[in-house]
Amino acid sequence: EVDVAVRPLDGAPVPRYPERLRSAHVEGRVNVRFIVGTNGRVERGSIKILDSPDPAFSEEVRRVLLSTRYSAAQAGGKKVRQIVEQTFTFKLDG
């Protein structure tokens, strides 16, 4: 239980659509669970892909998570680690 949840800082990167999947007209959602540490970074070993239609989508989500900076969660006025579940959607335009 946290008082203030993690949130990505302004300018956070967004996943790039893997070209192979774009060309094949593949869409999908990647559900992922990870831990954001007190330093505002995703803990590398904590990333768990819960559901993904293709490994290329999973790798792109993993890349983005590891380069995103977050404001750390807070509980009782102190920075704490937080487990986060997030869904990334890859959808072709038009």
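**A buried threonine, a nonpolar core and the overall fold**

Thr68 turns out to be buried, at a relative accessible area of 4% (buried is under 20%, exposed over 50% and partly exposed in between, using a 1.4 Å probe and protein chains only). The model here is a predicted one, so to speak of local features takes a pLDDT of at least 70 and side-chain atom pairs count only at pLDDT 80 or more, while totals for chains, interfaces and linings use all residues. Numbering runs from 1 along each chain as its sequence is written, and side-chain values rest on heavy atoms, with hydrogens and water left out.

Thr68 sits in the loop between helix 2 and strand 4 (70-71); helices (H or I, at least four residues) and strands (E, at least two) are DSSP runs numbered from the N terminus. Its side chain gets to the backbone oxygen of Val64 at 2.7 Å. Setting aside residues up to four places away in sequence, Thr68 touches Pro8, Ala12, Pro13, Gly40 and Arg41, where contact means heavy atoms within 4.5 Å.

As for the fold, the protein has 2 helices and 7 strands, and reading along the sequence gives β-α-β-β-α-β-β-β-β. The C-alpha trace spans about 50 × 25 × 20 Å along its principal axes. Of the contacts with a separation of 6 or more, 74% join residues 24 or more positions apart. Buried residues account for 34% of the 94 residues.

Nonpolar side chains tend to be buried together in soluble globular proteins. Here, the largest nonpolar core holds 18 residues, with Phe34 and Leu65 making the most contacts inside it (such a core is a set of buried Ala, Val, Leu, Ile, Met, Phe, Trp, Tyr and Cys residues joined through side-chain atoms within 4.5 Å). Strand 2 (28-36), helix 2 (55-67) and strand 7 (82-90) are the elements that each supply two or more residues to this core, and strand 2 gives the most, with 4 residues. Leaving out neighbours within four places in sequence, Leu65 is in contact with Val32, Phe34, Val42, Ile47, Tyr70 and Phe88.

Key: Polar contact = N/O pair within 3.5 Å; in protein donor to acceptor, adjacent residues only side chain to side chain.
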